Amino acid sequence: MNLSIVIPCFNEEKAIPILLEKYYNISLLIPLQLILVDNGSTDNTKGIIETKKLDPKFNFVTFLRIEKNVGYGHGIMFGIKHTKTDFIGFTHSDLQCDPDDILKAYNRILEIDPNDTKVLIKGRRIERRKEEKWISAKLDSIASFLFFRKFHDINGQPKVFHRSLLDSYIYYPVDITFDVFVTYKTKQLGYQIIDFPVYFHKRQFGKSSWNTSVLKRWKTILSFFKTILFLVFKIYK
């Protein structure tokens, strides 16, 4: 086993059974540690997970629970602390990001050099809705301007990297801007970022926490801008 995938889940009771079956199929192809973090869910996510834990086919899964949702980034880092492998990845639980993309990302690492610790493989989302493309383009432009580095689809997933990248993670944003932080630190440390195209599926269950209104979209952009400013002025180390 040389790959751990961390997936924070918040109110995804309908998605989790499908998600676990998909990752079970991947676990038959490559040794895999899946870390599923119940990130303070208030629906029946906890009950679904308790049932799935009893199924021996999911022995490759580490089930964790955070009682109170602090944020997306906090859920990821909580899961990362329980990883046991050289390579680590994280992605979404809402089935928009196809689990097969994890396999593609890991295979890219093997193709390049499995001993290369200074590389991050990242999905670049294609065929997205206009408003989603617009927000991503704005975020990329802001980050590129303030960091003096070129960024493409900062929030693209999955992200897979060597655990040595975590040595720099002393402080990190606990919210949805965690992706910005990871991508920035990767660039700052001189790691190579390799994109590959991924198709983001429509959300099957639940609803987005940020893309339901113009106001929420602008709030998301402002939160990203705030995190970027923190990084520029080295509030995060």
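Entry 1, ground rules. I am working with a predicted model, where local features need pLDDT of at least 70, side-chain atom pairs count only at pLDDT 80 or more, and totals for chains, interfaces and linings use all residues. Residues are numbered from 1 along each chain as its sequence is written, and side-chain values use heavy atoms, with hydrogens and water left out.

I took helices (H or I, at least four residues) and strands (E, at least two) as DSSP runs, numbered from the N terminus. Helix α1 covers residues 15–27, and at 1.5 Å a residue its 13 residues should span 18 Å, which agrees with the 18 Å between its end C-alpha atoms. The expected span is 1.5 Å times one less than the number of residues.

I counted a residue as buried under 20% relative accessible area (1.4 Å probe, protein chains only). In α1 these are A15, I16, L19, L20, Y23, I26 and S27. They cover an arc of only 120° around the axis, so they sit on the same side of α1; the arc is that of the directions from the helix axis to the C-beta atoms. Their cover includes β1, β2, α2, β3 and α4.

Leaving out residues up to four places away in sequence, I found Y23 in contact (heavy atoms within 4.5 Å) with I5, I7, L32, L34, F60, T91, P99 and I102.

Technical notes: Buried < 20%, exposed > 50% of the residue type's maximum accessible area, 1.4 Å probe, protein only.
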